[in-house]
Amino acid sequence: IDPILVLQKLKKEGFELKLIMFGDGSQRKKLKNYCFKNGIDNHVIFAGNVDQITLSKIIPYASLVLSPHTGRALVEVGLGRVPVVAYDIDWQSELIIHEETGELVPYRDLEKFFSSAKKILNKNSYSKLLSTNLRRLCINLFDPNKTIEEEVKIYENL
């Protein structure tokens, strides 16, 4: 629900945005009902499960990604060169370094989640810096040749 709540606040401040939510979680019906009851159902797209090719074509067009707990998709977002606001939960802090590769905020701190989103949307140069740095980090961390090379070194040391 947190990205939807952030969207509501951004809309109240005059931002014209759409939120696309991917996946088919157990809360989908509840979230759709919330959007309908709060008059934002025309601004939230529940895309469901989509394949990797479709995701790779959509992600680069996003202005921002709100990541309450994205999982591996956070790497795809980074490779798509999109700025991210993420909660400091699970392994997200390994990719999202606050004010370097994105905005990392305490888990469930909705005010910081919102203010970080607003900051990125209002500052184009900051947005580009974060997204470029995140892409560079993802390429370096997940380069298949580099990964194989590191695995070989580990086995050689054994």
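Leaving aside its neighbours within four places in sequence, which residues is serine 67 in contact with? The close-ups below start there, and the model they come from is a predicted one.

**View 1. Serine 67 and the residues around it.** Once the neighbours within four places in sequence are set aside, serine 67 is in contact with Leu74, Val84, Val85, Ala86, Tyr87, Gln92 and Phe113. You'll find serine 67 in strand S3, residues 65-67. Serine 67 counts as buried because its relative accessibility is 0%. Look for the side chain of glutamine 92 too: a polar contact of 2.5 Å joins it to the side chain of serine 67.

**View 2. Tyrosine 87 with tyrosine 107.** These two rings make an edge-to-face aromatic pair, 5.4 Å centre to centre with 75° between the planes. Tyrosine 87 sits in strand S4 and tyrosine 107 in the loop between strand S5 and helix H5, so the pair ties together parts 20 residues apart in sequence. Tyrosine 87 is buried, at 0% relative accessibility, while tyrosine 107, at 49%, is partly exposed.

**View 3. Tyrosine 87 with phenylalanine 113.** Here the aromatic pair is stacked: the centres are 4.3 Å apart and the planes 20°. Phenylalanine 113 belongs to helix H5 and tyrosine 87 to strand S4, so this pair links parts 26 residues apart in sequence. Both residues are buried.

**View 4. The largest pocket.** This pocket holds about 1200 Å³ of space. It is lined by 38 residues, and Pro3, Ile20, Met21, Phe22 and Leu66 are the closest to its centre. The lining splits into 25 nonpolar, seven polar and six charged residues.

Methods: Residues are numbered from 1 along each chain as its sequence is written. This is a predicted model: local features need pLDDT of at least 70, side-chain atom pairs count only at pLDDT 80 or more; totals for chains, interfaces and linings use all residues. Side-chain values use heavy atoms; hydrogens and water are left out. Helices (H or I, at least four residues) and strands (E, at least two) are DSSP runs, numbered from the N terminus. Buried means under 20% relative accessible area, exposed over 50%, partly exposed in between (1.4 Å probe, protein chains only). A polar contact is a pair of N or O atoms within 3.5 Å; within protein, one must be able to donate a hydrogen and the other to accept it, and residues adjacent in sequence count only if both atoms are side-chain atoms. Contact means heavy atoms within 4.5 Å. On a 1 Å grid over the protein atoms alone, a cavity is a set of points where a 1.4 Å probe fits but cannot get out, and a pocket is an open set with protein on both sides within 12 Å along at least five of seven lines; lining residues have an atom within 4 Å of a point. Grid points are joined across faces, edges and corners, and a volume is the space filled by probe spheres set on the points. Ala, Val, Leu, Ile, Met, Phe, Trp, Tyr, Cys and Pro count as nonpolar, Asp, Glu, Lys and Arg as charged, and the others, Gly among them, as polar. Rings of Phe, Tyr and Trp (its six-membered ring) pair if their centres lie within 6.5 Å; planes under 30 degrees apart count as stacked, over 60 as edge-to-face and the rest as tilted.
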